[in-house]
Amino acid sequence: AYLSHYVPKTLSVVGLFVNPSDDDITQVLENVRLDMIQLSGNEPVDRVQRIAQTFKKPIIKSFSIQTPEDLHHVTAYEPYIDWLLLDSSQGGSGEVFDWSLLKNASFSKPWMLAGGLNDQNVGDAITRLSPDAVDVSSGVESVRGVKDVAMIKSFIERVKNA
């Protein structure tokens, strides 16, 4: 059985894909309940648009933010996505990017902050940037790939208090 089979219907299941073919997405959807599709590769705008139209699932598109120019590319995607995920230039690396790049940024869609968040910096991130959501993975791991319950609880407390 797939892990997603144990997820209550009240929680959303997100499938993370990197430059997927339609067959890749179809194969997953035939086996797993997905509520949203996250695209974390270098999918061009027209490909994202086709995925949204074909699969009729809300789309999260991740963007690596390293320079102010990286934010200019986001606008072209906004008509075809439901959420933006702003990450470091090394998506999934656990590295924080320069948050000052977001100082005057505004988006037409809700956005999620990712990249190096942990219980020590998430409160500051929320206070400074007011993202609609935060994304964490390695920031709540005691050892690479091993989630730590105490770290998760601390992270959630900091989010609630921000």
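Lys 56 is exposed, with a relative accessible area of 67%. The model that shows this is predicted. Lys 56 sits in the loop between helix 2 and strand 3. Its phi is near 50°, a positive value in a residue other than glycine. This briefing covers backbone angles, a helix pair, aromatic rings and two further residues.

**Positive phi**

- Most residues other than glycine have a negative phi.
- Lys 56 has a positive phi, near 50°.
- Asn 19 also has a positive phi, and its value is near 50°.
- Asn 19 belongs to the loop between strand 1 (14-17) and helix 1.
- Asn 19 is partly exposed, because its relative accessible area of 40% falls between the 20% and 50% cut-offs.
- Lys 56 counts as exposed, because its 67% is over the 50% cut-off.

**Helix 1 and helix 2**

- Two packed helices are described by the angle between their axes and the distance between the axes.
- Helix 1 (residues 22-31) packs with helix 2 at an angle of about 35°.
- The axes of the two helices are 11 Å apart.
- The crossing of helix 1 and helix 2 is right-handed.
- Helix 1 makes the contact through Asp 22, Ile 25, Thr 26 and Leu 29.
- Helix 2 brings Arg 47, Ile 51, Thr 54 and Phe 55 to the contact.
- By type, the contact residues of the two helices are four nonpolar, two polar and two charged.

**Arg 47**

- Arg 47 is part of helix 2, which spans residues 45-55.
- Is Arg 47 buried or exposed? Arg 47 is buried, because its relative accessible area of 13% is under the 20% cut-off.
- Beyond its neighbours within four places in sequence, Arg 47 is in contact with Pro 20, Ser 21 and Asp 22.

**Aromatic rings**

- How many aromatic pairs does the structure hold? There are two.
- One of them joins Phe 63 and Tyr 77 in an edge-to-face arrangement.
- The ring centres of Phe 63 and Tyr 77 are 5.2 Å apart, with 75° between the planes.
- Phe 63 is in strand 3 (residues 59-64) and Tyr 77 is in helix 4 (residues 74-77), so the pair ties together parts that are 14 residues apart in sequence.
- Phe 63 and Tyr 77 are both buried.

**Val 136**

- Val 136 is found in the loop between strand 6 (133-134) and strand 7 (141-143).
- Val 136 is partly exposed, at a relative accessible area of 29%.
- Leaving out residues up to four places away in sequence, Val 136 touches Leu 117 and Phe 155.
- Val 136 and Lys 160 are 24 residues apart in sequence. In space, their C-alpha atoms are 14 Å apart.

**Asp 124**

- Asp 124 belongs to helix 5, residues 122-129.
- Asp 124 is partly exposed, with 38% relative accessibility.
- Asp 124 and Val 18 are 106 residues apart along the chain. Their C-alpha atoms are separated by 30 Å.

Terms used:
Residues are numbered from 1 along each chain as its sequence is written. This is a predicted model: local features need pLDDT of at least 70, side-chain atom pairs count only at pLDDT 80 or more; totals for chains, interfaces and linings use all residues. Side-chain values use heavy atoms; hydrogens and water are left out. Rings of Phe, Tyr and Trp (its six-membered ring) pair if their centres lie within 6.5 Å; planes under 30 degrees apart count as stacked, over 60 as edge-to-face and the rest as tilted. Helices (H or I, at least four residues) and strands (E, at least two) are DSSP runs, numbered from the N terminus. Buried means under 20% relative accessible area, exposed over 50%, partly exposed in between (1.4 Å probe, protein chains only). Contact means heavy atoms within 4.5 Å. Axes are lines fitted to C-alpha atoms, for helices over the stretch in contact, and angles run from 0 to 180 degrees between N-to-C directions. A crossing is left-handed if the near helix is turned anticlockwise from the far one by less than a right angle, and right-handed if clockwise. Ala, Val, Leu, Ile, Met, Phe, Trp, Tyr, Cys and Pro count as nonpolar, Asp, Glu, Lys and Arg as charged, and the others, Gly among them, as polar.
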